[in-house]
Amino acid sequence: MIHQEPSVNVLGAPLTPCSSDPMTGFFRDGHCNTCYEDQGNHTVCAVMTAEFLAFSAYVGNDLSTPQPDFAFPGLKPGDRWCLCAARFLQAHDEGCAPRVDLSATHQRALNVVPLRVLKACAL
């Protein structure tokens with residue numbers, strides 16, 4: 001049985017929605033909610049940029065190409081998406097991190113990404 005972690009953001013407040021168009025989140029509920037089964041830690045609400053999408057494809061996760069079999073529309077610059085915390089940190093370290101919505105980023109992201117890094121990339 002999957003037990004969702006409490007919906008709390010990195011600022012200690014209730015988690016706000018990230019995106020419903022496209023629908024995002026591990027649970028596809030529009031929030032960066034998470035649980036133990038979310039091994040990718042899809043908790044960082046980020047606004048896609050062309051630079052980040054190119055970086056993600058380069059490192060093996062093409063987020064731009066639609067995958068109809070998985071009801072995935074493909075992302076474009078400006079879309080908001082719940083990213084894996086480790087991929088966000090990797091992009092930050094490479095100088096191409098997207099902007100982050102702190103109110104919609106789950107507190108579990110802090111297990112991977114320091115709050116100062118998230119704040120530096122905040123909208």
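Let's start with Thr24, which sits in the segment before strand S1 (42-47). Please keep in mind that this is a predicted model.

**Thr24 and its surroundings**
- Thr24 has 0% relative accessibility, so this residue counts as buried.
- Leaving aside residues up to four places away in sequence, Thr24 touches Cys18, Ser19, Asp29, Gly30, His31, Arg80, Trp81 and Cys82.

**The largest pocket**
- The lining of the largest pocket is made up of 13 residues, and His42, Asn61, Trp81, Cys82 and Cys84 are the ones nearest its centre.
- Strand S2 (residues 80-84) contributes the most to this lining, with 4 residues.
- By type, the lining residues of the largest pocket comprise 7 nonpolar, 4 polar and 2 charged.

**Aromatic pairs**
- Helix H1 (residues 50-58) carries both Phe52 and Phe55, which are 3 residues apart, about one turn of the helix.
- Phe52 counts as buried at 0% relative accessibility, and Phe55 is buried too, with a relative accessible area of 12%.
- Phe72 and Trp81 form an edge-to-face aromatic pair, with 5.4 Å centre to centre and 70° between the planes.
- Phe72 counts as buried at 10% relative accessibility, as does Trp81 at 7%.

Conventions. Residues are numbered from 1 along each chain as its sequence is written. This is a predicted model: local features need pLDDT of at least 70, side-chain atom pairs count only at pLDDT 80 or more; totals for chains, interfaces and linings use all residues. Side-chain values use heavy atoms; hydrogens and water are left out. On a 1 Å grid over the protein atoms alone, a cavity is a set of points where a 1.4 Å probe fits but cannot get out, and a pocket is an open set with protein on both sides within 12 Å along at least five of seven lines; lining residues have an atom within 4 Å of a point. Helices (H or I, at least four residues) and strands (E, at least two) are DSSP runs, numbered from the N terminus. Ala, Val, Leu, Ile, Met, Phe, Trp, Tyr, Cys and Pro count as nonpolar, Asp, Glu, Lys and Arg as charged, and the others, Gly among them, as polar. Buried means under 20% relative accessible area, exposed over 50%, partly exposed in between (1.4 Å probe, protein chains only). Contact means heavy atoms within 4.5 Å. Rings of Phe, Tyr and Trp (its six-membered ring) pair if their centres lie within 6.5 Å; planes under 30 degrees apart count as stacked, over 60 as edge-to-face and the rest as tilted.
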